Amino acid sequence: MLDFPRWKQVFYWLITALICCAALPSLVSVAGYNWPASLPNPKINLGLDLAGGSHLLLEASADQVVAQRLEAKEEELRNAFKKAGNVQFGDISNRGGVISFIVGNTAQVDAVRDIVDKQETGSQRNWTFAVQDTTRIVLTPTKESANEAVSRAMETAIEVVRKRIDALGTREPTIIRQGADRIVVQVPGLKDPSSLKALLGQTAKLEFKLVDELASATDIAQGIAPPGDEIVPYAEAGMPPIAVKRLGGIKGDRLTDAKQGYNQNNIPVVNISFDTQGGEQFARLTTENTGKRFAIILDGKVLSAPTINTPIIGGSAEISGSFTVESANQLAISLRSGALPVDLKVVEERTVGPDLGADSINKGMIAMGVGTGLVVLFMALVYGRFGLYANAALVINVLMILGVMSVMSTTLTLPGIAGFVLTIGAAVDANVLINERIREERKRGRRVFQSVELGYKEASRAIFDANITNVIAAALMFAFGSGPIKGFAVVLVIGIVTSVFTAVTMTRMWVAGWLRRTRPNDINI
Amino acid sequence: MKLLKLVPDDTNIHFLKWRLPFFIVSGLLMIASWALVFTHGLNMGVDFVGGQMIRVTFTQSATAPVAQLREEIAKLGYGEPIIQTFGAENAVSVRLRLPEGSDKNAGLADAMAKKVSAAIRAAHQDARVDGVDSVSGKVSKELGWTAFQALGLASIAISIYIWYRFEWQFGIGALFALVHDVSLTMGLFAVTQMEFDLTIVAAILTIIGYSLNDTIVVYDRIRENLKKFRKMPLPELLDLSVNETLSRTVMTSGMMLITLVALLLFGPKVIFGFTAAITLGIFVGTYSSVYMSAPILVWLRVTSGSFVPTETALERQERLAREGALP
């Protein structure tokens, strides 16, 4: 146990030095100096509870993705049947999570089956095909394809969210997916998340649809849409809903740019530019319908319904509504970053002011200083030279924890600081166990070398078992815990590993070196 | 230099003599804790019941005007707020239910936070809003469930590990001590009505880890002594093991308490509840490893045979021959 060949000593010191070096940038910046930019810069990130900022948990509605998919499939089928020309279908619906319709006769069932099969392009089936009562066809999305659709929608959503947050100009946001249908957004330093939330709460699905001037106002008021129309409410309160043509409109996904501007009356508007294809579509729509009104619809609500005075062929247009400069700007950002494929809802929000965070860091540091100081003093008083070894191990342990955290770029949170302080308390336990055991063996009359050897050997068993149980607890905290629990568990695990190394291996090396050099007949412990 | 000895060398306290009365007291305390948890209830934070929490510090005052705040906020029409100081006398957390319909319209919760913060700032010049937490009902249910899972699984996994390393009696003993510690901590939160949130779950997990650390050290010594002193009666052997490890127990618990008291006195006030929970846990955990996990071994009839490998046929022959040779 007490035999340390030269190469082993060099190896241990090298590891220690390397890991401790990694803590340097963090320490230098805490002390208020700048770390030279030319050197590698691994750093511990401060969690939002320490740095201040906002944490948002957004949830996408998976049902909406499914519904959109069913709608798109219905549209695709309608077009395919029209093109094929040999299928008569009716009573089509996409409610209840399936597409269901009746065809004219059993021969057409096979024709439909062919069409559906042809639409299946991937390696696995997206829709299962079933026939009920000989002529009713039911298409059900397969589970895998539904999950994949949600997954794709989430990927797009994350991209859009990122673009929108970048547009706000905030620094270093963290945007990660959590589980199947959630996104975590963390923005350090953001004091008031309301503008961020307004931005993310906007799906920004823009549509241009023709207003049906013939629809009767009483029908609309009763919510009865004329055939081929849909009723859309106004975004502005107090305006009656209007009826618009369901088909033949333009979607707003063909934009190349959107900017906040002012119209001739100096009222805030959003100026948009279409890409070539969108510009052509828009030109055609406005040429064919000059003199009529078209509705600008955002997320299912009418912003405005201006009359087309002259065809708009330049590929750019102006969206008016009752905007303030801020809301026009927000809409412009949302349109530029594209529409969210699915609505996002804020289900959890945490904001920490910067003062509290700074306060926590300071107090955490003081507590750590006082705690460590007292522990170091006690260890020296109780175990003498062996206590000093333990103290040196403790200091190295602290540096190593910081170093490992820097290299892994872990986030230090407030519970993390508590975990840190606790690790210091627990790290000395290993040395207490060892030193007590050496005392005991000496009391039993064993010689110095043998006592130290036995002390390390017998204590190691309990140290090992105790640390394994702590790792088990920490691993489960990490796996199941959220937020604060995770931050705590990370520091705990790192601390357990480094403390075993420093408190057991390093002190043993030092004690062995000292014993070999001086060969004492008695030790003061 | 004369070194400090916290526990005199030839200490021999008969811990196990009092095992029954202490066991009964512990049992009663556990029952009382749970009774309190169920009658008084825990003061659940927004993490577990959903709602909004606003943290405010009154930078120029020594104490926060809690009663006045309650009145001012109740006037806003969002229902009766729960207002509590935490850590320091001049820092409060204000908790409110999320307004009706806020699961559909996130703006409602936002508006509430703004209105409440504005009202507090208007009435108190020195109020500093330190943070706002909003947790929806759905998320809070999940947080509660995952926290419960983490606690349950950690307890079971650790007990299984101890069973594997020692014997089944030790696994049960450790599990029992662990239930005891968690129960009393819950009792503390039921009595003091300190806020019970996610960080407290982390605290309980730490207590579990620490208490087991202690239990394992004692168990390790029991295992060693069981092999060494095959004929010693169990209560005596347990006493010996506890006494032999006593100075270590005192020293380590002392060190932990030093760091924890430093955290309590000088540390960030936001984690006051967390630190308080662990501090209690150190006392309870140290006690339980002596008075819960050790005596259980007596009742579960641990014998030295538990750690001695079973005899092979050859060894049996040899033993019989040896014994036969003796007069």
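This is a predicted model: local features need pLDDT of at least 70, side-chain atom pairs count only at pLDDT 80 or more; totals for chains, interfaces and linings use all residues.
Ser499(A) belongs to helix α15 of chain A, and, leaving aside residues up to four places away in sequence, Ser499(A) touches Asn397(A), Ala427(A) and Val504(A). Asn147(A), by contrast, is 352 residues from Ser499(A) along the chain, and the C-alpha atoms of these two residues are separated by 44 Å.

Ser451(A) lies in helix α14, which covers residues 448-480 of chain A, and Ser451(A) is buried, with a relative accessible area of 0%. When residues up to four places away in sequence are not counted, the residues that Ser451(A) touches are Ile438(A), Glu441(A), Arg442(A) and Arg446(A).

### The nonpolar core

Which residues touch the most other members of the largest nonpolar core? This core has 139 residues, and the ones that touch the most other members are Met379(A), Phe386(A), Val452(A), Ile162(B), Phe170(B), Phe196(B) and Ile222(B). Helix α15 (residues 484-518) of chain A, the helix in which Ser499(A) is found, gives the most to this core, with 17 residues. On the side of chain B, Ile222(B) touches Phe170(B), Leu237(B), Leu238(B), Ser241(B) and Leu297(B), again without counting residues up to four places away in sequence.

### Aromatic rings

Over all chains, a search of the whole structure finds 30 aromatic pairs. In one of them, the ring centres of Phe48(B) and Phe196(B) are 6.2 Å apart and the ring planes meet at 40 degrees, so the pair is tilted. Because Phe48(B) lies in helix α2 (residues 46-49) of chain B and Phe196(B) in strand β6 (residues 195-196) of chain B, this pair ties together parts that are 148 residues apart in sequence. Both Phe48(B) and Phe196(B) are buried.

Phe170(B) and Tyr219(B) form an edge-to-face aromatic pair, with 4.6 Å from centre to centre and 85 degrees between the planes. Phe170(B) is in helix α6 (residues 168-192) of chain B while Tyr219(B) is in helix α7 (residues 198-228) of chain B, so the pair ties together parts that are 49 residues apart in sequence. Phe170(B) and Tyr219(B) are both buried.

In chain A, one aromatic cluster is formed by Trp13(A), Phe386(A), Tyr389(A), Trp510(A) and Trp514(A).

### Helices and recorded regions

| Helix | Residues | Number of residues | First to last C-alpha | Expected at 1.5 Å a residue |
|---|---|---|---|---|
| α5(B) | 137-165 | 29 residues | 42 Å | 42 Å |
| α10(B) | 272-291 | 20 residues | 28 Å | 28 Å |

In α5(B), the buried residues include Val139(B), Leu143(B), Ala147(B), Leu151(B), Ile158(B) and Ile162(B). Helix α10(B) is mostly covered, with 16 of its 20 residues buried.

For chain A, an unreviewed UniProt entry places the feature "transmembrane region" at residues 12-35, 364-383, 388-408, 414-434, 462-481 and 487-511. In the model, residues 388-408 of chain A are 95% helix and 0% strand, with end C-alpha atoms that lie 30 Å apart, and residues 462-481 of chain A are 95% helix and 0% strand, with end C-alpha atoms 27 Å apart. The unreviewed UniProt entry also lists residues 231-342 of chain A as "domain: SecDF P1 head subdomain", and over these residues the chain is 22% helix and 32% strand, with end C-alpha atoms 21 Å apart.

### Two positive phi angles

Ala204(A) is not a glycine, although it has a positive phi of about 65 degrees. Ala204(A) is found in the loop between α7 (194-201) and β9 (206-210) of chain A, and at 4% relative accessibility Ala204(A) counts as buried. Arg519(A), likewise a residue other than glycine, has a positive phi near 45 degrees. Is Arg519(A) buried or exposed? Arg519(A) is in the segment after α15 of chain A, and at 53% relative accessibility Arg519(A) counts as exposed.

Note on methods: Residues are numbered from 1 along each chain as its sequence is written. Chains are lettered from A and ligands numbered from 1 in the order in which they are written. Side-chain values use heavy atoms; hydrogens and water are left out. UniProt positions are given in the numbering used here, feature names are shortened, and annotations may be inferred rather than shown by experiment. Helices (H or I, at least four residues) and strands (E, at least two) are DSSP runs, numbered from the N terminus. A nonpolar core is a set of buried Ala, Val, Leu, Ile, Met, Phe, Trp, Tyr and Cys residues joined through side-chain atoms within 4.5 Å. Buried means under 20% relative accessible area, exposed over 50%, partly exposed in between (1.4 Å probe, protein chains only). Contact means heavy atoms within 4.5 Å. Rings of Phe, Tyr and Trp (its six-membered ring) pair if their centres lie within 6.5 Å; planes under 30 degrees apart count as stacked, over 60 as edge-to-face and the rest as tilted. The expected span of a helix is 1.5 Å times one less than its number of residues.
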